[in-house]
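Here are a few friendly notes to read alongside the model. Take the points in order and keep the structure open as you go.

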Amino acid sequence: MSSNPAAEQRPGLRDRASGQIVAAVVIVAAATAVRKLMFPWESDDYRYFLHPWYTHIADHGGFRALSDIGFSDYNVPYLYVLAALSHLPVQDLAGIKAVSTLFDLLTAYFAYRIVALRHPEGSWRPHMAGAVVLFLPTVMANSGWWGQADSVYSSFVVGALWFVLCHRPWWACTFFGIALAFKLQTVFVFPFLLVLLLTRRVPWRALLAVPAVYLLLDVPALLVGADLGQLLTVYSRQTGTYQTLSMNAPSVYLLFQPGDHADGVRRAGILLTGAVVLALVAWVVLRPAGRGPLRPGGWSRELTDTQIVLLATTSVVLVPFLLPSMHERYFFLADVLSVVAAFYLPGRLWYLPVLVQLASAGTYLQYLAHDAARYTKVELFGALMALAAVAAVRATAREFRRTPGRSRTGGQDGATAADGTDGTAGTAGTTGADGRTGAHGTTGAHGTAAGPVRGAAPEGRVPAVERG
């Protein structure tokens, strides 16, 4: 007798799983091969920043060079990577791009795992989501062409989202801390994290993991003589580096010319971003529908998986869109999570990654392909991202209005069916820990579906030279 009764009930599941493993290997090999074709190209960021940093580290003893990090404006975790590469028999350009490619794969893996929570076992949609992420033009260009490291911190942010969905808050905050140690752009998800804290999805004590991990990653540099004050102020030094309202980013600042009032607009933009974020957080946390009683730390509120994914997506689209002095690649997380959101609600958000990618890739051209950039209008990219931001906010608000709490809704996560329609379960239905309903409204051991449910989703539906 088979050790997997579920497999016996669904003939062909094992064959499908084998086919999916083969498909995953082919996807990874193809994505790596495409990036390898771009490896010989040298970007300005490599020539003026990454290569000089690598050369300085190699000429000063590898890791010992980190006793003084004044030669770079990056935090030390990425400098550890460069130091490790300086001890390997690889050319620095290829090594830098190979590292970013590995984290592309990790980012796609976590995207796959998040979408797999939404769709039934054996569905191809999680594999499709991972493949789409790997082959996004901006994701491929960022690592293979540009040699940038945005996939490094992004992989840990997407991993943290997966841990949140799996109800593992300490691991989630640990991943947030690692991401923050690599890149300041992790702050784009802080509004999302604030909602998780105020709704008690993540306990406040778990937040201690963020600074703990950040400081722990400074220890190797301290051991070779780095100055603690210099390590702790690296991000404060970064924030004053760029004064242009938009460093090619598809943000609101591409839509108008401030003239001589750039400084005032910059300050107003920061205040506006804070006000919008606080207003949206307050709306999610304080709205009466589905809100539990006030307890120490916030109001208890059951957030569905779909709501969590949409909140994270809205955060990483809206914050860099409103903040001044953003680079085009600061929408890397938006590129990735818009795909995940589209696989959660394909009927309603299929166009979101299209808008985000057109805006994001269009601004990449301004820096990476100057000849092609002459035939584009940057204002168009700002308008496209504005549409994406509105779409993300609208979809999130609609989801909260449709699903005030798990107890009143069905579907695979207690929110909506995979095609974007309501997944209301029968009155006799009960849900498991992850909100999945069984054959007659009952659940299996882990809340997974034991059979078809009325109302549940069908299977498978789901050119600046200065850089920073």
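1. A salt bridge here is a side-chain nitrogen of Lys or Arg within 4 Å of a carboxyl oxygen of Asp or Glu. Side chains of opposite charge can pair when their charged atoms come close. The structure holds six such bridges. Please bear in mind that this is a predicted model, where local features need pLDDT of at least 70, side-chain atom pairs count only at pLDDT 80 or more, and totals for chains, interfaces and linings use all residues. Residues are numbered from 1 along each chain as its sequence is written, and side-chain values use heavy atoms, with hydrogens and water left out.

2. Which parts of the chain does the D150 and R329 pair link? Their side chains meet in a salt bridge (3.4 Å, N to O). D150 sits in helix α8 (residues 150-165), while R329 lies in the loop between β4 (326-327) and α17 (332-344), 179 residues apart. Helices (H or I, at least four residues) and strands (E, at least two) are DSSP runs, numbered from the N terminus. Both D150 and R329 are buried, where buried means under 20% relative accessible area, exposed over 50%, and partly exposed in between (1.4 Å probe, protein chains only).

3. Now look at helix α15 (residues 262-286), where R266 and D263 are three residues apart and so separated by about one helical turn. Their closest N and O atoms are 2.8 Å apart in a salt bridge. R266 is buried, with a relative accessible area of 12%, whereas D263 is partly exposed at 47%.

4. Helix α3 (residues 44-59) holds R47 and D44, three residues apart and therefore about one helical turn from each other. Their side chains form a salt bridge (2.9 Å, N to O), and R47 is partly exposed at 40% relative accessibility. E42, D44 and R47 are linked in a network of salt bridges.

5. On the surface there is a nonpolar patch whose members include F63, L215, V219 and L228, with about 780 Å² of accessible area for the whole patch. Patches are made of residues with over 30% relative accessible area and no salt bridge: like charges are joined within 9 Å, nonpolar side chains (Val, Leu, Ile, Met, Phe, Trp, Tyr) within 5 Å. Accessible areas come from the Shrake-Rupley method with a 1.4 Å probe; for residues, only the protein chains shown count as cover. Helices α11 (209-216), α12 (219-223) and α13 (228-232) each supply at least two residues, and α12 gives the most, with three. L228, in helix α13, is partly exposed at 42% relative accessibility.
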